[in-house]
Amino acid sequence: MPKTTKTTKRTTTKRVVKPAVAPAPELHEMHCGCKCTPMKKAFYLGGMFILGFLVAFFFVCPCHKHGPKMPHMHSVFVNGCLDTTSVKCPKMQEALAVADADANGCVTEQEFRAVKRAMRRDMRERPEF
């Protein structure tokens, strides 16, 4: 009888190395039930900063639209003539000294407005910044 030989195959199992998985970002449960990631937080915070900056720039900054503004002058007119002591600006007082067009010693509202317009025009033509 012929001799039969048994052949056995050895099966080797290969170990598969799985790549390391980064842990998921920590999610914070909000009171409304939505989950907020750190990226969402950064996005919202950056958006609010930019929005706040734009609002402050366009609505609060007095020099954005019309250049430097003149201070409010609360001028007092007595019997149609300007009370020169009510004007606090030294440049305006110098301009009012020569503003009397009809040389009657009285600066009227029209003459006062003309001096004020001329000073505004000078400020616009010569920006200080």
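Tutor: Start with a definition: buried means under 20% relative accessible area, exposed means over 50%, and partly exposed is in between, with a 1.4 Å probe and protein chains only. By that rule Phe77 is partly exposed, with a relative accessible area of 26%. This is a predicted model, so local features need pLDDT of at least 70 and side-chain atom pairs count only at pLDDT 80 or more, while totals for chains, interfaces and linings use all residues. Residues are numbered from 1 along each chain as its sequence is written, and side-chain values use heavy atoms, with hydrogens and water left out.

Student: OK, what secondary structure does the protein chain have?
Tutor: The protein chain has four helices and four strands. Helices (H or I, at least four residues) and strands (E, at least two) are DSSP runs, numbered from the N terminus. Their order from the N terminus is β-β-α-α-β-β-α-α.

Student: How much of the protein chain is buried?
Tutor: Of its 129 residues, 14% are buried. The chain exposes about 12000 Å², with 62% of that supplied by carbon and sulfur atoms. Those areas come from the Shrake-Rupley method with a 1.4 Å probe; for residues, only the protein chains shown count as cover.

Student: Which residues make up the largest nonpolar core?
Tutor: There are nine: Leu82, Val87, Met92, Leu96, Ala99, Val107, Phe112, Val115 and Met119. A nonpolar core is a set of buried Ala, Val, Leu, Ile, Met, Phe, Trp, Tyr and Cys residues joined through side-chain atoms within 4.5 Å. H4 gives the most, with three residues.

Student: What is Val87 in contact with, apart from its neighbours within four places in sequence?
Tutor: Val87 is in contact with Leu82, Met92, Gln93 and Leu96. Contact means heavy atoms within 4.5 Å.

Student: Back to H4. Which residues are buried there?
Tutor: In H4 the buried ones are Glu111, Phe112, Val115, Lys116 and Met119. They sit on the same side of H4, because they cover an arc of only 135 degrees around the axis. The arc is that of the directions from the helix axis to the C-beta atoms.

Student: Why can residues apart in sequence point the same way?
Tutor: An α-helix has 3.6 residues a turn, so residues three or four places apart point the same way.

Student: And which exposed residues are on the face of H4 turned away from its buried side?
Tutor: That face carries Gln110, Arg117, Arg124 and Glu125.

Student: What do the buried residues of H4 pack against?
Tutor: They pack against strand E3 (77-78), strand E4 (81-82) and H3.

Student: New topic. How many aromatic pairs are there?
Tutor: The count is two aromatic pairs. Rings of Phe, Tyr and Trp (its six-membered ring) pair if their centres lie within 6.5 Å; planes under 30 degrees apart count as stacked, over 60 as edge-to-face and the rest as tilted. Phe77 and Phe112 have ring centres 5.9 Å apart and planes at 80 degrees, so this pair is edge-to-face. The two are 35 residues apart, with Phe77 in strand E3 and Phe112 in helix H4, and the pair links distant parts of the chain.

Student: Is Phe112 buried or exposed?
Tutor: Phe112 is buried, with a relative accessible area of 5%.

Student: Last one. Where is Asn79?
Tutor: Asn79 is in the loop between E3 and E4. Its phi is near 55 degrees, a positive value in a residue other than glycine. Asn79 counts as exposed, at 78% relative accessibility.
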